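Reader: Could you show me how to read strand pairing and a surface beside DNA in a model?

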2 protein chains.
Amino acid sequence: MKRITISDVAQHAEVSKSTVSQYMNKRFDYMAPKTKERIRMAIEELGYQPNIVARSLKQKSTSTIGVIVANILHTFSTQTIRAVEDICNEQGFHIIVCNADDNPEKEREYIEMLRAKQVDGLIIFPTGGNIELYQRMVKEKYPLVFVDRIVDGLETSSIMLDNESAIKMAVDHFAEKGYERIGIMTTSLHRHVTPRVERINGFRKALGDKGIPVREEYIKSMEVEFIQDGLHDMLSADEPARALIAGNDLALIEILRYIKTNHIRVPEELALIGIDDVSFASLFTPELTTIAQPTFEMGKQAAELLLNKIKDPDFIEEKHIYRFQPELMIRQSC
Amino acid sequence: MKRITISDVAQHAEVSKSTVSQYMNKRFDYMAPKTKERIRMAIEELGYQPNIVARSLKQKSTSTIGVIVANILHTFSTQTIRAVEDICNEQGFHIIVCNADDNPEKEREYIEMLRAKQVDGLIIFPTGGNIELYQRMVKEKYPLVFVDRIVDGLETSSIMLDNESAIKMAVDHFAEKGYERIGIMTTSLHRHVTPRVERINGFRKALGDKGIPVREEYIKSMEVEFIQDGLHDMLSADEPARALIAGNDLALIEILRYIKTNHIRVPEELALIGIDDVSFASLFTPELTTIAQPTFEMGKQAAELLLNKIKDPDFIEEKHIYRFQPELMIRQSC
DNA sequence: CTGAAAGCGCTTACAG
DNA sequence: CTGAAAGCGCTTACAG
């Protein structure tokens, strides 16, 4: 079967392609009612659907943006994407989501692929491993917004959680309940991923503010597969930690697994606060106290910023880093 | 900044556009080594990246497929998509994922949008609400694969769980443990969504096989927001159900919420088996017994089938319905 | 009010 | 071994 093109419609309606095109783009300013009607009928009879690929080629715009997340397994990523999608839908933009799987090589391929596909802009949760590429895009003024991670020395918008404040909330809450032996477990720090760095630095600072001495053996950051061992070290020592912050949802799952295998009672033996408000937080026994990121607002901001940059190439941002405040969801695990 | 095109490269290398195009497509059959080298250098110096939109227009193929899921909130959907993505990646295809949100209107818009974008084929987890549109695509021989749901009277591939067998596994396992007051709770049945229908019919059949009388008050299917009430009816009656099947992961979450608010002990007061092996099944207390769908195999089959149809327009399927066997993951909730 | 023509950036059959 | 030309399906500035 042959696809119907604008020429077919033009012939069928006995007008020119230009006129059909005007019709399709709702430029009715000068169109005679009967012309309009003839075109309407031709379109209906033939079942014409315009070819967006051809239009994009001519218009040099695809009304599509790319979203590349470092790791789609984080609930933060999926929730933020939902918000981006909502905003884009409202404005007639489509999104293509790619998962770099924490792999800079994959990230590079996706960036190149999406640009070859002529997406109008990119929202990237950067792996941090393609500095020169990021820099080139910034220099070219390619519409770009970063989420969740700051890339040192790059002057482009970054949508960030106020990580320091998030950690402070957790530490303060523990301190209020009388805990002093507070630990933090988060996933690996290679490539200096911003939130992990900020969360650990913020942790030291928050302890200091409360006059609680920092104990290095309570600060751990490791690849997911080593977390069980790390927890063993932290929690089976002579003076084990009594309160623990999960640096993100993946760390939290490992902690819950450890707690389960070792029959640790929460919060009696170990108080727990997780960053990222996971879906099952209130279903768990005990219900999990978490620090929620305002994922919807963050995704919305990312999308709006990017769309502004796309629509106005000279769009000037008043600032580069947008910080969002987290919220402490007090439940039962502390 | 101006994007570099094939003409720029041709000029810079002092050859024709045709020759650059041959080079880009690795048709080196007759190319003189020095021509090759000149083009290579020009591309490097200019930082040329071909415009895939232009290529797609000419080739009438975008190497992209669309995936429209009825509801992305189901773990089944996300897991299946991952498999589809893997297979497509291997074969140089990209995917665009859309969520119809169980809304046929949205589904229709997405189908039209993706076809306008000239995707080479579609994998649809159908809402069931666009029969004529599905039919038109089948008639046009548009490359299409359905997942999870069969649309009555449509002759196209459908990738399905063996739902009857899944329910039988659950019922048999309950029966072995001596349960007779077995119930099932699943999400709404409007539009006769296949798995829900098959699961409920299979449920009646499985009970019959075991000689257990069917009690209508133990069979419930309702919109998520009414499930709490439905559970109340089923579990606070004079003779409450003692064992319960969650028809899918969303129903399971509602059941867990009910169990929590009402302090029901599992499995002592209520045994539980969920269809869909949710991520937190083994983290829960008690660990949840589930029926796992082979999501990877199902997604793989869907992708391979679609790619075959795309590559060979005359591809004939020997059958239309592909059934996959579930697996019982025995843990502690029964 | 409508149409002819040029052009978006590629690919490809064909000529030489 | 390489190039000129046509064409994919649109849009748009311009002429009439």
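Reader: Which residue is the bridge partner of I273(B) in β10(B)?

Author: Helices (H or I, at least four residues) and strands (E, at least two) are DSSP runs, numbered from the N terminus, and two strands pair if DSSP finds at least two bridges between them. Here, T289(B) in β10(B) is the partner of I273(B). Strand β10 (residues 289-292) of chain B runs parallel to β9(B), joined by three bridges. This is a predicted model, in which local features need pLDDT of at least 70, side-chain atom pairs count only at pLDDT 80 or more, and totals for chains, interfaces and linings use all residues. Residues are numbered from 1 along each chain as its sequence is written, while chains are lettered from A and ligands numbered from 1 in the order in which they are written.

Reader: How many bridges pair strand β8 with β9(B)?

Author: Four, again in the parallel sense, with β8 covering residues 243-246 of chain B. Across that pairing, L244(B) stands opposite L272(B) of β9(B).

Reader: Are the residues of β9(B) buried or exposed?

Author: A residue is buried if 20 or more other C-beta atoms lie within 10 Å of its own, exposed if 12 or fewer, and partly exposed in between, with C-beta atoms placed from the backbone. In β9 (residues 271-275) of chain B, five of the five residues are buried. A271(B), I273(B) and I275(B) point one way, and L272(B) and G274(B) the other.

Reader: Which residues come nearest to DNA strand C?

Author: A residue is near a strand or molecule if its C-beta atom, placed from the backbone, lies within 6 Å of it. Of the 27 residues around DNA strand C, the nearest are S16(A), S18(A), T35(A), I6(B) and S21(B).
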